[in-house]
Amino acid sequence: MATQALSRPNLSARQRDSARLPISVIVAVRNEERNLARCLESLASAGQVFLVDSFSTDRTAELGRSYGAEVVQFHYRGGWPKKRQWALDTLPLAYDWVLLLDADECLTPELESEIRGALNDPRFDGYYVKLQMYFLGRELRHCGAGFCKLSLFRRGRGRFECRLESQDNSMCDMEVHEHVVVDGRVGKLQHPLTHRNVELLSRYIQKHDQYSNWESRVLAAGEGNGSALKPRLFGTQAQRRRWLKRMFFKVPGSPVLLFFYRYIFALGFLDGAPGLIYCVFQAVQMFHTKAKIYEQRVAGL
């Protein structure tokens, strides 16, 4: 069934070429069989889809091949680059534009149509895309959960910043909060990517434990790497969020304040039980990060 969705048997070769979305898509995965089918179904018209796997132990690779994706294995040995930058440097990308997706993200028909038009605009070399967040089966309309990612850019014009060169497997083999930096003008698409994670909460907690390992090292080390975006209050969205995070981390009791900001002031309580759980998890991750920074100082790491 999945292969038929991609094959378009009733179309001629010329019709298939004109219907194809002329982009190379890179989907970074590890044990994502619960999320992956929805993502790949939304990419049925994409010209090229790479699944960059980390030796999954579930059916992720098998599922990817059944949908016609090219499956490539990535063996992380620490340091830099991580998975997606490695893919940008290594894979034979066939198209002039690249789209980066996670397994729990999906293109909507409206976004696909907008991308088709955006690719033909010579003024831009990249585009921010907003995420429409779903958590525990419910859309998060509040909680401060919405943000944009620079997910679509011309091949060769976008690279991930490197915020920390000394990394290991405890910090995840994929870029966490490193951002794509585009050499050129960047626009913003109006229609969102759907971000709908259906993993068990235990997996969510496990992944965010790795994220806090990475973030604690980055925040303790400072933004010393020359390729990293500098925190700026009046910079891009990424720079502004980074500046605010650094300032907020210095405030005593900031995890508690973060919870009240997301749940009360950002109206997270209107998102029901999923909103409450999401806000608590965000505050707990900040607490874990701060605790690990303290641990590093005490241990002299």
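These legends describe close-up views of a predicted model.

**View 1. Helix α9 and its buried face.** Helix α9 spans residues 254-265. Its buried residues are Ser254, Pro255, Leu258, Phe259, Arg262 and Tyr263. Seen down the axis of α9, these residues fall within an arc of 155 degrees, so they line one face of the helix. The cover over them includes α8 (237-249) and α10 (272-299). Just after α9, Leu267 takes a positive phi of about 65 degrees.

**View 2. The crossing of helices α7 and α10.** Helix α7 covers residues 201-221. The axes of α7 and α10 come within 8 Å. They cross at roughly 40 degrees. The crossing of α7 past α10 is right-handed. By class, 9 nonpolar, 9 polar and 4 charged residues make up the contact of α7 with α10.

View 3. Helix α6 runs over residues 109-118. Buried here are Leu111, Glu112, Glu114, Ile115 and Ala118. Viewed down the axis of α6, they fall within an arc of 165 degrees, so they line one face of the helix. The face turned away from this buried side carries the exposed residues Pro109 and Ser113.

**View 4. A cis peptide bond at Trp80 and Pro81.** Most peptide bonds are trans. The bond that joins Trp80 and Pro81 is cis, with omega about 10 degrees. Pro81 sits in the loop between β3 (70-73) and α5 (83-90).

View 5. Most residues other than glycine have a negative phi. Cys143 has a positive phi, near 65 degrees. This cysteine lies in the loop between β7 (138-139) and β8. Cys143 is buried, with a relative accessible area of 0%.

**View 6. Cys172, another loop residue with positive phi.** Phi of Cys172 is positive, near 80 degrees, in a residue other than glycine. The loop that holds Cys172 lies between β9 (158-160) and β10 (180-182). Its relative accessibility is 10%. The cut-off for buried is under 20%, so Cys172 counts as buried.

Technical notes: Residues numbered from 1 in each chain as written. Predicted model: local features only at pLDDT ≥ 70, side-chain atom pairs only at ≥ 80, totals over all residues. Heavy atoms only, no water. Buried < 20%, exposed > 50% of the residue type's maximum accessible area, 1.4 Å probe, protein only. Helix = DSSP H or I, 4+ residues; strand = E, 2+ residues; numbered from the N terminus. Arc of directions from axis to C-beta. Contact = heavy atoms within 4.5 Å. Axes fitted to C-alpha atoms, helices over the stretch in contact; angles between N-to-C directions. Left-handed = near helix turned anticlockwise from the far one by under 90°. Nonpolar A, V, L, I, M, F, W, Y, C, P; charged D, E, K, R; others polar.
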